[in-house]
Amino acid sequence: MARSPTPYPPPPSPLPRPQNFRRSIRENFLGPEHFILPIFVHDDDKNVPISSMPGIERLSFDNGVMDYVAKAKSLGVNQVVIFPKTPDNLKTSTAEEAFNPNGLSQRTIRAIKDKFPDIEVYTDVALDPYNSDGHDGIVRDDGVVLNDQTIEYLCRQAVSQAEAGADCVAPSDMMDGRVGAIREALDANGFQEVSIMSYTAKYASAYYGPFRDALDSAPRAGATGRVIPPNKKTYQMDPANLREALREAELDEMEGADIMMVKPGLPYLDVIRYLKDNTTLPISAYHVSGEYAMLKAAAERGWLNEKDVALETLMCFRRAGADIILTYYAVEAAEWMAGDAMPRLY
Ligand code: PBG
């Protein structure tokens with residue numbers, strides 16, 4: 001038996017039709033100019049793949065780095081940040097290699113600026129890649145991470161990076177008061193034009209695992225009688241906290257930061273938006289190693305469409321308020337966008 005037609009109410013009048021404007025009301029844009037490409041470098045003549053970061057390699061100082069920077073530049077990615085891997089024999093519990101004028105990081109900065117003067121070179125200011133204890137600060141025998149003593153070393157490190165030609169130093173160490181001290185040290189040495197991108201809200205996150213594999217920089221047990229904290233929770237932020245990010249932001253702004261970073265990225269989009277709405281400084285977001293690894297792993301299994309999900313993710317950083325995105329996808333994303341008929345649609 002035929003059913004009687006279902007009665008339904010007429011559409012409201014007038015009917016708002018957001019669909020009609022889908023293509024013309026895009027609020028945010030993503031391009032290679034928004035990326036900072038992290039680069040892992042080592043003193044070796046070969047590039048070595050990092051197993052937990054498919055597609056990313058620890059690059060050889062001789063050729064690997066220059067080839068990668070040239071490729072990035074050809075795709076419009078003009079900003080890089082350098083992370084050196086230090087051999088164990090150069091690591092000490094006070095990390096003096098961090099400010100060796102001929103250290104790997106300083107040589108890499110110099111080499112990039114010599115060959116590509118218009119590439120913006122960012123650096124990492126923190127002791128962990130040079131510290132035999134694997135911490136960003138100097139660890140006292142009883143396990144206390146020495147904030148104020150560490151700052152003196154961070155200042156020397158930042159000045160040595162500026163001497164090598166860095167455009168922007170980026171303290172990722174989370175010691176209290178380091179931004180102001182680094183600003184003063186840079187100015188006192190004639191580097192007024194060198195900027196500071198502060199890791200303002202850097203959380204004690206499990207998403208950094210693959211990065212620590214890449215640099216072999218995880219905290220490690222010390223000699224007998226020394227206490228080495230197994231994690232960085234005394235100086236990096238508690239993932240449960242939002243308001244504290246604003247406190248860190250206020251301090252960094254007062255101390256002279258030029259850019260404020262939130263890290264990790266995707267699980268912390270609320271923090272990006274919160275800082276964006278509470279400061280006029282540019283905001284950067286770090287799409288960290290573990291976030292990259294998750295997308296790669298799912299893509300390898302065919303569970304996600306990698307291009308679509310990666311470009312969507314990067315766009316979401318922009319929507320959340322990030323002016324700049326540090327991402328291991330920088331080169332690949334730039335390639336995808338260059339190949340698109342309407343690159344601006346992602
Ligand atoms: C350390 C530093 C870390 C990262 C950047 N700088 C790791 C850490 O704090 O242990 C992580 C970046 C990433 O996971 O991609 N100074």
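## Helices H7 and H9

In this predicted model, helix H7 (residues 269-276) packs against H9 at an angle of about 35°, with the two axes 8 Å apart; axes are lines fitted to C-alpha atoms, for helices over the stretch in contact, and angles run from 0 to 180 degrees between N-to-C directions. Helices (H or I, at least four residues) and strands (E, at least two) are DSSP runs numbered from the N terminus. Leu-269, Ile-272 and Arg-273 of H7 meet Cys-316, Phe-317, Arg-319 and Ala-320 of H9, where contact means heavy atoms within 4.5 Å. These contact residues comprise 5 nonpolar, no polar and 2 charged, with Ala, Val, Leu, Ile, Met, Phe, Trp, Tyr, Cys and Pro counted as nonpolar, Asp, Glu, Lys and Arg as charged, and the others, Gly among them, as polar.

Residues are numbered from 1 along each chain as its sequence is written. Local features need pLDDT of at least 70 and side-chain atom pairs count only at pLDDT 80 or more, whereas totals for chains, interfaces and linings use all residues, and side-chain values use heavy atoms, with hydrogens and water left out.

## Helices H8 and H9

Helix H9 (residues 306-320) also packs with helix H8 (residues 289-300), here at an angle of about 155° and with the axes 10 Å apart. H8 and H9 are therefore roughly antiparallel to each other; angles under 35 degrees count as roughly parallel, over 145 as roughly antiparallel, 65 to 115 as roughly perpendicular and the rest as oblique.

On the H8 side the contact is made by Glu-291, Leu-295, Lys-296 and Ala-299, and on the H9 side by Glu-306, Val-309, Ala-310, Thr-313 and Phe-317. The residues of this contact divide into 5 nonpolar, 1 polar and 3 charged.

## Helices H3 and H4

The axes of helix H3 (residues 147-163) and helix H4 (residues 178-188) come within 9 Å and cross at roughly 45°, which makes H3 oblique to H4. Ile-151, Leu-154, Cys-155, Ala-158, Val-159 and Ala-162 of H3 meet Arg-178, Ala-181, Ile-182, Ala-185 and Leu-186 of H4, and the residues of this contact divide into 10 nonpolar, no polar and 1 charged.

## The chain as a whole

The chain contains 10 helices and 12 strands, and its C-alpha trace spans about 85 × 45 × 40 Å along the principal axes. Of its 346 residues, 54% count as buried, that is, under 20% relative accessible area, with exposed being over 50% and partly exposed in between (1.4 Å probe, protein chains only). Residues 24 or more positions apart account for 76% of the contacts with a separation of 6 or more.
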